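Trainee: I would like to understand how the labels on this structure are reached. Can we go through some of them one by one?

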Amino acid sequence: SSGINAEYGGWGLAMKKIKDRIEAHRNQPRNYGSAEPSEQCRTCKGSGKISRKYSEGVAVISLGDERLAPSRTIIYIILAVVLFLGITISLVAVLYPRPLTGVSKSLQILQAYITRNDTRLVLGISVTAHNQNFFTSYVDGVVTTVQFQQREVGANDTSYEVSKPSIKARSDATLNYTVSTSYSSDSYSTDIYTYCCVVRWSLNFKVTVNSKFSYFSTNIEYNDDKYLFANCAGIVRHPNGTCSIDLLSGQQ
């Protein structure tokens, strides 16, 4: 300092005082914006100040604390979208409507009285209703029509108003119906007598099945045409020339 005073005189002394004031001000505790007393911040490595008014609300948090971990919002959003799409696709696959079918499977002569000029047959038709859906469906009605030699000889129209047969999910249900038919000498009675009483063969009928189904608030129909044989092997020929069978009462 003596060197500075000797070289610069009073000007050097003034500069030294200014420098000392700057150093003194730099070393003073800072509390910007407030005149309240402060203390060193516990989480700032001792390099900062915080008002004593808020000092009790400051805590040291470890770097391994989960609250300091990076946010995983994007991952959660992606998982939520994938889960939503999975549930939606599953619901569509389960609730998507699939076909309901009603198909004639077998034809049997349950009751017969056969002569050359007059024939009466009661035919038993077995219909298989198939439900491909993942929910229960119901049968509203079935119409069965029988043709012999391209001529309609009988029909059965069964409607279910109250107690409807149900078809469980992904399963079948067997429904049985009877159709009464009659023939005269002008409408194939002689042919039936020959097939069943003389040759002991089978009769070929065309069976048409119109099935009506429902599930939830949806109604659908299904039509099936098929040629089926009715076996005449069990029919008994009597001495008077007539033939008969009665499986409904167990008598021939």
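**How the labels are reached**

Mentor: The model is predicted. F148 is buried, and Y183 is buried too.

Trainee: Why does F148 count as buried?

Mentor: Buried requires under 20% relative accessible area. F148 has 1% relative accessibility, so F148 counts as buried.

Trainee: What makes F148 and Y183 an aromatic pair that is edge-to-face?

Mentor: Two such rings pair if their centres lie within 6.5 Å, and planes over 60 degrees apart count as edge-to-face. F148 and Y183 are 6.0 Å apart centre to centre, with 75 degrees between the planes.

Trainee: Why is the pair of F148 and Y183 said to tie together parts that are apart in sequence?

Mentor: F148 belongs to strand β5 (residues 137-148) and Y183 to strand β8 (residues 171-184), so the pair ties together parts that are 35 residues apart in sequence.

Trainee: How do you know that F148 and Y188 form an aromatic pair?

Mentor: The cut-off is again 6.5 Å between centres. For F148 and Y188 the value is 5.7 Å centre to centre, and the planes are 75 degrees apart, which is edge-to-face. This pair also links distant parts of the chain, with F148 in strand β5 and Y188 in the loop between β8 and α4 (189-198), 40 residues apart.

Trainee: Which residues form one aromatic cluster with F148?

Mentor: Y183, Y188 and F205 form one aromatic cluster with F148. By the pairing rule the count comes to seven aromatic pairs.

Trainee: What makes β5 mostly covered?

Mentor: Nine of the 12 residues in β5 are buried.

Trainee: How do you know that β5 pairs with β7, β9 and β6?

Mentor: Pairing needs at least two bridges between the strands. β5 and β7 (166-167) are joined by two bridges and run antiparallel, so they reach the cut-off. In this pairing S137 stands opposite I167. Nine bridges join β5 to β9 (202-215), also antiparallel, and there V146 stands opposite V207. Strand β6 (residues 151-159) pairs with β5 over eight bridges in the antiparallel sense, with F148 opposite R151.

Trainee: What lies between β5 and β6 in their hairpin?

Mentor: Two residues lie between them, and Q149 in the turn has a positive phi of about 55 degrees.

Trainee: What makes R170 a charge over the face of F134?

Mentor: The distance limit is 6 Å from the ring centre. R170 is at 4.8 Å from the ring centre of F134 and lies over the face of that ring.

Trainee: Where is R170 found, and why is R170 called partly exposed?

Mentor: R170 is in the loop between β7 and β8. Its relative accessibility is 48%, so R170 counts as partly exposed; exposed would need over 50%. Phi of R170 is near 55 degrees, a positive value in a residue other than glycine.

Trainee: Why does R200 count as partly exposed?

Mentor: R200 has 39% relative accessibility, so R200 counts as partly exposed. R200 sits in the loop between α4 and β9. Phi of R200 is near 60 degrees, again positive in a residue other than glycine.

Notes. Residues numbered from 1 in each chain as written. Predicted model: local features only at pLDDT ≥ 70, side-chain atom pairs only at ≥ 80, totals over all residues. Heavy atoms only, no water. Phe/Tyr/Trp six-rings, centres within 6.5 Å; stacked < 30°, edge-to-face > 60°. Helix = DSSP H or I, 4+ residues; strand = E, 2+ residues; numbered from the N terminus. Buried < 20%, exposed > 50% of the residue type's maximum accessible area, 1.4 Å probe, protein only. Lys NZ or Arg CZ within 6 Å of the ring centre and 35° of its normal.
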